[in-house]
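I opened this entry to keep a record of what I looked up in one model. The sequence and coordinates come first, then my notes.

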Amino acid sequence: MSAMDICDLCGLKIGAQVWTVQHEGRQMRFCCEGCKGIYQMLNNVEDDPAGDGTCDGGKQS
Ligand SMILES: [Zn+2]
């Protein structure tokens, strides 16, 4: 573990899988789909089908 991956909703460490949401130009990171969904509901963030869901080698920055 090098970087600190902390869920932007609940503050727990993010494990092997990370859920991301693009919000106002920032990439929010979540530990689970539930946290991601709650964040989206609270902030009226639409899902970005191109921004997540891919597992391997899909890094964009
Ligand atoms: Zn979380």
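**Chain.** I am working with a predicted model. I found one helix and two strands in the chain. Reading from the N terminus, I get the order β-β-α. The chain has 61 residues, and 15% of them count as buried. I also looked at contacts between residues at least 6 apart in sequence: 28% of these join residues at least 24 apart.

**Helix α1.** I asked which residues of α1 are buried. In this helix, residues 33-43, they are C35, K36 and Y39. Seen down the axis of α1, the buried residues fall within an arc of 100°, so they line one face of the helix. What do the buried residues of α1 pack against? I found β1 (19-23) and β2 (26-30) there. On the face of α1 turned away from the buried side, I listed the exposed residues E33, G34 and M41. Just after α1, I noted a positive phi of about 55° at N44.

**C32.** I located C32 in the loop between β2 and α1. Is C32 buried or partly exposed? I recorded partly exposed, because C32 has 17 C-beta neighbours inside 10 Å, and a buried residue needs 20 or more. I then checked C32 against W19: the two are 13 residues apart in sequence, and their C-alpha atoms are 6.2 Å apart in space.

Key:
Residues are numbered from 1 along each chain as its sequence is written. This is a predicted model: local features need pLDDT of at least 70, side-chain atom pairs count only at pLDDT 80 or more; totals for chains, interfaces and linings use all residues. A residue is buried if 20 or more other C-beta atoms lie within 10 Å of its own, exposed if 12 or fewer, and partly exposed in between; C-beta atoms are placed from the backbone. Helices (H or I, at least four residues) and strands (E, at least two) are DSSP runs, numbered from the N terminus. The arc is that of the directions from the helix axis to the C-beta atoms. Two residues are in contact if their C-beta atoms, placed from the backbone, lie within 7 Å.
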